[in-house]
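The entries below follow the order in which I checked them.

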Amino acid sequence: QQTTTSNNFFTLSNLLPCTGYEFRVFSNCGSGINSAWSVIFGFSTATPAFSLANATLATCQIPLNLNTLLTGTGGGTWTGGSHISGNLFNPTGLASGQYPAIYTISGTNCTVSDTSTVTVTPAPDAAFTDTTVLICNGALDLNTLLIGTGTGGGTWTGGGYIAGNFFVPDALNPGLYAVTYTVGSGSCQTLFTRQLQVAYCPLGAKVTALLQGAYMPPDSMRTRLRQLNLLPLQQPYNQPPWNYNGTETATQFAPNVVDWVLLELRNAADNTQIVAQKAALLLKNGTISDVNGNAESVFFDNLPPNTTYYIALRHRNHLPVMSAVPVTLPNSVPYNFSTAAQQAMGANQQIAVALGVFALKVADFNANGIISVADFNLYFLQTSATGQYSPADAELNGSVTISDFNLYAGNRSAIGIAQLRY
């Protein structure tokens with residue numbers, strides 16, 4: 001290089017670090033007269049000193065200027081892979097992980113390098129899982145639904161039912177409601193939308209009843225079918241005449257289970273209209289239990305609370321009955337068919353099995369709502385059957401005998417109310 005100065009200071013640029021240089025000078029004395037060149041002087045440039053910071057960026061971000069990580073001597077070169085071009089680190093297409101960014105300065109007598117670690121993270125994922133929001137449970141923290149990576153710090157939107165990160169169902173009717181989660185910003189912003197189902201909480205119905213065929217004084221019923229392992233694990237009303245397609249299934253039966261029953265909720269304004277059905281378990285004390293083990297109520301899905309229904313009760317070989325009046329559900333006090341004959345709608349729909357104790361009439365073996373010769377014919381076909389879950393087993397003890405005929409004979413010609421006959 002050649003340079004001039006008027007104040008005895010020289011500035012030399014683009015010199016290599018840790019490299020020896022020589023120089024000489026001369027003076028311009030004016031009038032075109034220059035001095036002779038001086039002797040040769042020598043010096044060496046300093047060894048570079050610098051430090052590097054580390055960085056984290058997502059795959060969706062724009063390239064990172066690696067020089068922003070450098071403190072100290074500039075002018076070096078960056079290497080580390082095809083994702084580094086010049087001083088730019090491009091995370092696009094990289095897998096999550098840590099990547100080296102090597103900064104190097106070379107001179108004649110030295111080479112100095114150091115490495116920065118760039119951590120690449122996935123692009124934000126706004127995905128969240130589906131769920132049913134039960135109105136009675138109150139506000140749901142939507143953040144508990146997040147399943148993606150890098151999802152924190154986003155925003156929830158959708159409607160007036162969204163408050164911050166909470167879904168508030170209190171004023172909503174059952175149905176589908178859109179919820180959107182947005183996370184990230186700029187080139188990394190992403191969003192995900194789902195329709196969340198809002199539903200009523202399961203509606204509990206407490207019902208008590210006795211079966212004449214299984215009755216044991218003073219206020220209990222035999223559990224012989226369970227003792228003989230004859231009770232089916234799947235509800236038995238998925239065949240004619242009931243054709244109920246519920247999937248209620250037991251894994252095992254408690255010692256106090258008598259048999260399966262079919263409970264119906266009917267429209268309070270039109271009791272011929274079935275609103276909901278549920279197969280349940282009748283216990284020896286008359287309580288009707290949900291198959292999930294709740295011994296106090298039978299639960300119906302997605303029905304509004306504090307609504308009145310007629311309650312109908314069916315058993316596979318007893319005359320069906322319906323509550324004499326609509327019942328508001330959920331009910332804290334069970335509707336008890338056994339306390340009076342008039343608890344069942346219609347005349348002579350139950351039979352007295354003890355003083356002040358009433359039960360469903362047995363021997364409707366074909367379950368059509370009428371005890372007739374057709375039921376006798378079914379009994380005749382199954383006479384002497386043992387160890388079977390038989391409709392003609394009036395006593396629910398696993399055998400069809402003359403005792404079952406005697407019960408039939410006492411109830412023949414009994415007719416259930418029209419709303420419950422098939």
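**Entry 1: helix H2 and what it packs on**

I started from the buried residues of H2, which pack against helix H3 (402-411). The model is a predicted one, where local features need pLDDT of at least 70 and side-chain atom pairs count only at pLDDT 80 or more, while totals for chains, interfaces and linings use all residues. Residues are numbered from 1 along each chain as its sequence is written, and side-chain values use heavy atoms, with hydrogens and water left out.

For the element names I used DSSP runs numbered from the N terminus: helices are H or I of at least four residues, strands are E of at least two. For burial I used relative accessible area with a 1.4 Å probe and protein chains only: under 20% is buried, over 50% is exposed, and in between is partly exposed.

Which residues of helix H2 (residues 373-382) are buried? I found Asp375, Tyr379 and Gln382. Looking down the axis of H2, I see its buried residues fall within an arc of 70 degrees, so they line one face of the helix. The arc is taken from the directions that run from the helix axis to the C-beta atoms. Val373, Phe380 and Leu381 are exposed, on the other side of H2.

**Entry 2: the H2-H3 contact**

At what angle do H2 and H3 pack? I read about 180 degrees, with the axes 11 Å apart. The axes are lines fitted to C-alpha atoms, for helices over the stretch in contact, and angles run from 0 to 180 degrees between N-to-C directions. H2 and H3 are therefore roughly antiparallel to each other, a label for angles over 145 degrees.

I then listed the contact, meaning heavy atoms within 4.5 Å. From H2 there are Val373, Asp375, Phe376 and Tyr379, and they meet Ile402, Asp404, Phe405 and Tyr408 in H3. By class, the contact of H2 with H3 has 6 nonpolar, no polar and 2 charged residues. In this scheme Ala, Val, Leu, Ile, Met, Phe, Trp, Tyr, Cys and Pro count as nonpolar, Asp, Glu, Lys and Arg as charged, and the others, Gly among them, as polar.

**Entry 3: positive phi**

Just after H2 I stopped at Ser384. Ser384 is not a glycine, yet its phi is positive, about 75 degrees. Ser384 sits in the loop between H2 and H3 and is exposed, with a relative accessible area of 56%.

I noted Asn243 as well, which is not a glycine and has a positive phi of about 55 degrees. Asn243 belongs to the loop between helix H1 (224-227) and strand E25 (257-267). Is Asn243 buried or exposed? I get a relative accessible area of 52%, and Asn243 is exposed.

**Entry 4: cis peptide bonds**

I checked omega next. The peptide bond from Pro217 to Pro218 is cis, with omega near 0 degrees. Pro218 lies in the loop between strand E23 (215-216) and strand E24 (220-221).

The bond from Leu329 to Pro330 is cis too, with omega near 0 degrees. I place Pro330 in the loop between strand E31 (327-329) and strand E32 (335-336).

**Entry 5: Thr223**

Thr223 lies in the loop between E24 and H1. I find 8% relative accessibility, and Thr223 counts as buried. What does Thr223 touch, not counting residues up to four places away in sequence? I list Pro255, Asn256, Val257, Val258 and Lys284.

**Entry 6: two open sheets**

Here two strands pair if DSSP finds at least two bridges between them. I traced an open sheet of 4 strands in the order E14-E20-E19-E16, with mixed pairing. Its edge strands are strand E14 (132-134) and strand E16 (155-157), each pairing on one side only. The twist averages 35 degrees from one strand to the next. Strand E19 (residues 175-183) and strand E20 (residues 190-199) run antiparallel and are joined by 9 bridges. I noted Val179 opposite Arg194 in E20.

I traced another open sheet of 4 strands, in the order E6-E13-E12-E9, again with mixed pairing. Strand E6 (55-58) and strand E9 (77-79) are the edge strands, and each pairs on one side only. From one strand to the next, the twist averages 30 degrees. E6 and strand E13 (residues 111-121) run parallel, joined by 4 bridges. Leu57 stands opposite Val120 in E13.

Key:
Angles under 35 degrees count as roughly parallel, over 145 as roughly antiparallel, 65 to 115 as roughly perpendicular and the rest as oblique.
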